[in-house]
Amino acid sequence: MHRSLVRLFMGVRGFPSTSKKIVASVLFERLPVVIPKLDPVVYAFQEFSFRWRQQYRRKYPDEFFDMSKSREVINLIQGKGDYQIDYVPAPRITEADKTNDRKSLQRALDRRLYLLLYGNSNAAPSGRPVWHFPEKVYDSEETLRKVMSALAFVLGDLSHTYFVGNAPMGHMVIQQMENVPEPFKRFFFKSQVIDTNKFNIQKCEDFVWVTKDELLDYFPEQAEFFKKLIIS
């Protein structure tokens, strides 16, 4: 986002032109590792659809197929003969799930997880630590996308991250409050975990990886906003 566009946002409704503070935050997410279990209603519908289509499928005479090759395919599907494979699925519930270890990425494998930090935030300049996303105050840089430096600040490097697009995914106005001396706009950028299940997160008092539902508990006043912003 160029400076001209940033200046334009400063004068839109709900954000007084006298305030020039803009904060860019990173919604850093880990995508699901396993396929989520189907809802029973969805499973029942798929089963019904399959059986319904089977009624009208075209049946070919046996002479149409080479039965010797068909038998090989059947054996492969049934795991018989030389094609038998010993397959043991990995557990969907991990030790981190059992102990509710929110510092681990090895939990809620069928859900998206989001990184939250605990410490000083631009939303709480009073100096009291709060839960927040990795963030950076806009300081006349060429683009708001420089927020990636906020993520590098806590991760050390960005070799296992991927920023989705160049534009923000959303924004919110932080109104003036007792601990916020001036209103400002917070823009959100999306980034994703790539090819790792552990980060050495530093320069914060604490951190957690949480699902969307858990995240809403950390921001009760903005819960409705994050329900719409985050798709999971």
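**Figure 1. Aromatic pairing in the predicted model.** The structure holds 14 aromatic pairs (rings of Phe, Tyr and Trp, the latter by its six-membered ring, with centres within 6.5 Å; planes under 30 degrees apart are stacked, over 60 edge-to-face, the rest tilted). In this predicted model, local features need pLDDT of at least 70 and side-chain atom pairs count only at pLDDT 80 or more, whereas totals for chains, interfaces and linings use all residues. Residues are numbered from 1 along each chain as its sequence is written, and side-chain values use heavy atoms, with hydrogens and water left out.

**Figure 2. The pair of phenylalanine 133 and phenylalanine 188.** The two rings are edge-to-face, 5.7 Å centre to centre, with 90 degrees between the planes. Distant parts of the chain are linked, 55 residues apart: phenylalanine 133 lies in the loop between strand E3 (130-132) and strand E4 (135-137), and phenylalanine 188 in strand E7 (residues 184-193); strands are DSSP runs of at least two residues and helices (H or I) of at least four, numbered from the N terminus. Phenylalanine 133 has a relative accessible area of 4% and is therefore buried (under 20%; exposed is over 50%, partly exposed in between; 1.4 Å probe, protein chains only). Phenylalanine 188 is buried as well, at 0%.

**Figure 3. The pair of phenylalanine 133 and phenylalanine 226.** The ring centres are 5.6 Å apart and the planes at 50 degrees, so the pair is tilted. Phenylalanine 226, in helix H7 (residues 223-229), is 93 residues from phenylalanine 133 and is buried, with a relative accessible area of 2%. One aromatic cluster is formed by Phe133, Phe188, Phe219, Phe225 and Phe226.
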